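Please look over the sequence and the 3D structure below.

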Amino acid sequence: MASESSFDIVSKLDRQETDNALNQAAKEVANRFDFRNVDAGIRWSGESIEIQANSEERALAVLDVFKEKLIKRGLSLKILDAGEPKASGKLYKLGVNLKEGISQENAKKIGKIIREEGPKGVKAQIQGEELRVSSKKRDDLQEVIALLKGKEDLDIALQFINYR
């Protein structure tokens, strides 16, 4: 009897890499000529990130610098949930939330993709904020990973762990 192989699909945030990207972005903003005298900055604000500058355009430019640093560190931009710059006194503040975990709605959507487009005999099971995908054939599991990596319309960053 062949044993079942499985892996888990999760959406976790690498806090250390995110923190490193934020620190690099803060250094670049502090040193770049085009950010001088505009009160531009980026920092942690609890579990989210706060960006500030003296204009909407500058606040969005700081966000672009942060996105660039995330990409260089191999992190997906799908973890970001950026709002719009809001005037706060003479500064504009931009809140950026970080998305973590797979919601029930997204888990159902991923399960449906696996059922409809994936190989036959592959089962997807929702377990809290993650999905367990199992099959008798390891090749089928590889196919599911390739299928999900190719899906651009999923608005969450996926990681594939516990492959056994």
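## Terms and numbering

A residue is called buried when its relative accessible area is under 20%, exposed when that area is over 50%, and partly exposed in between, with a 1.4 Å probe and protein chains only. By this scale Lys72 is exposed, because its relative accessible area is 62%. Lys72 is found in helix α2; helices (H or I, at least four residues) and strands (E, at least two) are DSSP runs, numbered from the N terminus.

The model is predicted, so local features need pLDDT of at least 70 and side-chain atom pairs count only at pLDDT 80 or more, while totals for chains, interfaces and linings use all residues. Residues are numbered from 1 along each chain as its sequence is written, and side-chain values use heavy atoms, with hydrogens and water left out.

## The nonpolar cores

In soluble globular proteins, nonpolar side chains tend to be buried together. A nonpolar core is here a set of buried Ala, Val, Leu, Ile, Met, Phe, Trp, Tyr and Cys residues joined through side-chain atoms within 4.5 Å. The largest such core has 25 residues, and those with the most contacts inside it are Phe35, Ile42, Ile49, Ile51, Phe66, Leu80 and Val96. At least two residues of this core come from each of α1 (15-31), β3 (48-53), α2 (56-72) and β6 (91-98). Helix α2 gives the most, with 7 residues.

What does Ile49 touch, leaving aside its neighbours within four places in sequence? Ile49 is in contact (heavy atoms within 4.5 Å) with Leu22, Ile42, Arg43, Trp44, Phe66, Leu94, Gly95, Val96 and Leu98.

Glu50 has its place in strand β3. Glu50 counts as buried because its relative accessible area is 17%. Its side chain makes a polar contact with the side chain of Arg43, at 2.5 Å. A polar contact is a pair of N or O atoms within 3.5 Å; within protein, one must be able to donate a hydrogen and the other to accept it, and residues adjacent in sequence count only if both atoms are side-chain atoms. Not counting residues up to four places away in sequence, Glu50 touches Gly41, Ile42, Arg43, Ser45, Lys93 and Leu94.

Ser6 is found in strand β1 (residues 5-10) and is buried, with a relative accessible area of 11%. Beyond its neighbours within four places in sequence, Ser6 is in contact with Arg132, Val133, Ser134, Leu141, Asn162, Tyr163 and Arg164. Ile102 lies in the loop between β6 and α3 (104-117), and at 3% relative accessibility Ile102 counts as buried. Residues that Ile102 touches, not counting those up to four places away, include Ile9, Val10, Ala107, Ile110, Leu131, Ile156 and Leu158. The C-alpha atoms of Ile102 and Arg58, 44 residues apart along the chain, are separated by 32 Å.

## A loop and a helix position

The loop between α1 and β2 (41-45) holds Asn37. Phi of Asn37 is near 60°, a positive value in a residue other than glycine. Asp39 lies in the loop between α1 and β2, and has a positive phi of about 50° although it is not a glycine. Are these residues buried or exposed? Asn37 counts as exposed, at 78% relative accessibility, and Asp39 as partly exposed, at 44%.

Lys112 is found in helix α3 and is partly exposed, with a relative accessible area of 43%. Lys112 and Ala124 are 12 residues apart in sequence and 8.8 Å apart in space, C-alpha to C-alpha.

## The largest pocketAbout 290 Å³ of space lies in the largest pocket. On a 1 Å grid over the protein atoms alone, a pocket is an open set of points where a 1.4 Å probe fits, with protein on both sides within 12 Å along at least five of seven lines; lining residues have an atom within 4 Å of a point. Of the 18 lining residues, the closest to the centre are Ser76, Ile156, Ala157, Leu158 and Gln159. The elements that give two or more residues to the lining are α4 (138-149) and β9 (159-161). The lining divides into 9 nonpolar, 3 polar and 6 charged residues.

Definitions and conventions: Points joined across faces, edges and corners; volume = space filled by probe spheres on them. Nonpolar A, V, L, I, M, F, W, Y, C, P; charged D, E, K, R; others polar.
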